[in-house]
Amino acid sequence: MTNTVTKQILVLPGDGIGPEIMAEALKVLRLAIDKFQLGLELVFDELGGAAIDKYGVPLADDTLAKAKKAHAVLLGAVGGPRWDTLERSIRPERGLLKIRSELGLFGNLRPAILYPQLASASSLKPEVVSGLDILIVRELTGGIYFGPRETKVLDNGERRAQDTLPYSESEIRRIAKVGFEMAMLRNKRLCSVDKANVLESSQLWREIVEQVAKDYPEVELSHMYVDNAAMQLVRAPKQFDVIVTDNMFGDILSDEASMLTGSIGMLPSASLDANGKGMYEPCHGSAPDIAGKGIANPLATILSVSMMLRYTFAQPEAASAIEQAVSDVLDQNLRTADIWLEGMHKVGTREMGDAVVAALAKL
Ligand SMILES: NC(=O)C1=CN([C@@H]2O[C@H](COP(=O)(O)OP(=O)(O)OC[C@H]3O[C@@H](n4cnc5c(N)ncnc54)[C@H](O)[C@@H]3O)[C@@H](O)[C@H]2O)C=CC1
Ligand SMILES: CC(C)CC(=O)C(=O)O
Ligand SMILES: [Mg+2]
């Protein structure tokens, strides 16, 4: 299908391994744009530490305006030790939280899919994880990452810090709906993860999820406390279909789930607003420990490109082709260090990106 209208993607490479993995994802995206005549235009800017260095703030107003104008944002990762000692309000991560919030990207989809070729790279036994395909739906613009916080000095001179975890009914309702809608598209099972035995906000969460469930009688809803969910994810992860949970629980559980797939370098994400506009990024961070070494796994970012083409640009054919190309390079036994096993061919970031491009070109 030929698309004549040009839509914009704002590319924000970020920090650490961000620019390295983005370079590979962009090769794949550019080929997909040509091959499938997608009519997409790339614009570039900075977020996080790179933006602090260039503009003095982690998210410049002009960058935010570009993000609002674009149809989608493609992000590498932000943060790193160089900026860790800055005053908290201008740390790189604040830029990330702000862009998510300002764009209204409350629905974060984090699929944890085990490619069969990586069954032995998972931290769990192959029989426990083979065929794994779960989706974590994480609330992304509320909860403890956005609640009022403060550090104050008590009368005795000791400092006391607090963060708060607020959720309104409407915030819970809209993410619950995303969870149910996703379950309807999959195996119609939704597990809502909370800590309702302790937290007031989780009690409201559970109540609202139950209300929304009435609109989705076909979906089998269950509830699970987050501590048990963390345990069940490594005990028997295939019991889950879709998990819906709050911002911090989803952040933690998705990193845990990533290891079931072999590496956090395999986990893409989509962060969506109510109208399909999205920001796409790997679930991992800027990996300062391996930055600059050319060994980071670019597949999570490449798979995030695929999610972008599927969810924002409604190009399932191009999205599936990228997923197929990733599968093909794994069939060729190419592995970055994080998913490497004896007998496999170890490649760096660039070789992996080039291999995906070659595989996509052949399709
Ligand atoms: N969305 C974002 O931009 C995120 C940013 N961060 C930031 O990233 C920085 C580092 O945070 P960490 O807690 O170390 O988490 P991280 O996800 O950057 O790294 C955790 C571990 O996973 C490895 N890893 C991550 N991505 C990889 C990849 N593509 N290929 C191979 N190995 C990979 C790293 O080498 C490291 O050993 C911090 O400044 C943090 O705030 C953390 C998470 C998300
Ligand atoms: C700044 C953090 C909330 C980023 C993160 O860990 C994530 O979104 O996974
Ligand atoms: Mg995280």
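Is arginine 110 buried or exposed? Here are some notes on this predicted model, with that residue taken up in point 2.

1. A word on conventions. Residues are numbered from 1 along each chain as its sequence is written, while chains are lettered from A and ligands numbered from 1 in the order in which they are written. As the model is predicted, local features need pLDDT of at least 70 and side-chain atom pairs count only at pLDDT 80 or more, whereas totals for chains, interfaces and linings use all residues.

2. Arginine 110 is buried, because 25 other C-beta atoms lie within 10 Å (buried means 20 or more other C-beta atoms within 10 Å of a residue's own, exposed 12 or fewer, partly exposed in between, with C-beta atoms placed from the backbone). Arginine 110 is found in strand β4, residues 107–113 (helices, H or I of at least four residues, and strands, E of at least two, are DSSP runs numbered from the N terminus). Leaving aside residues up to four places away in sequence, arginine 110 touches Ile136, Arg138, Ser254, Leu267, Ser269 and Cys283 (a contact has C-beta atoms, placed from the backbone, within 7 Å).

3. The UniProt annotation "binding site", from an unreviewed entry, covers Arg100, Arg110, Arg138 and Asp227. These positions are spread over 128 residues of sequence and also in space, with up to 26.6 Å between C-alpha atoms. Such annotations may be inferred rather than shown by experiment. Aspartate 227 is found in helix α8, residues 226–235, and counts as partly exposed because 13 other C-beta atoms lie within 10 Å.

4. Cys283 turns up again around ligand 2, together with Glu93, Leu96, Tyr145 and Asp251 (near means a C-beta atom, placed from the backbone, within 6 Å). By class, this shell has three nonpolar, no polar and two charged residues (Ala, Val, Leu, Ile, Met, Phe, Trp, Tyr, Cys and Pro count as nonpolar, Asp, Glu, Lys and Arg as charged, the others, Gly among them, as polar).

5. Helix α6 covers residues 169–185. Its buried residues include Glu171, Ile172, Phe180 and Met182. The buried residues of α6 pack against β4, β5 (133–139), β8 (189–194), α7 (200–213) and β10 (242–245).

6. The domain assignment gives domain 1 (1–106 + 277–363) and domain 2 (133–260), with bounds from an automatic or database assignment. Seven residues of domain 1 are in contact with ten of domain 2. On the domain 1 side, the touching residues divide into four nonpolar, two polar and one charged. The C-alpha centres of the two domains lie 26 Å apart.

How values were computed:
Contact = placed C-beta atoms within 7 Å. Expected span 1.5 Å × (residues − 1).
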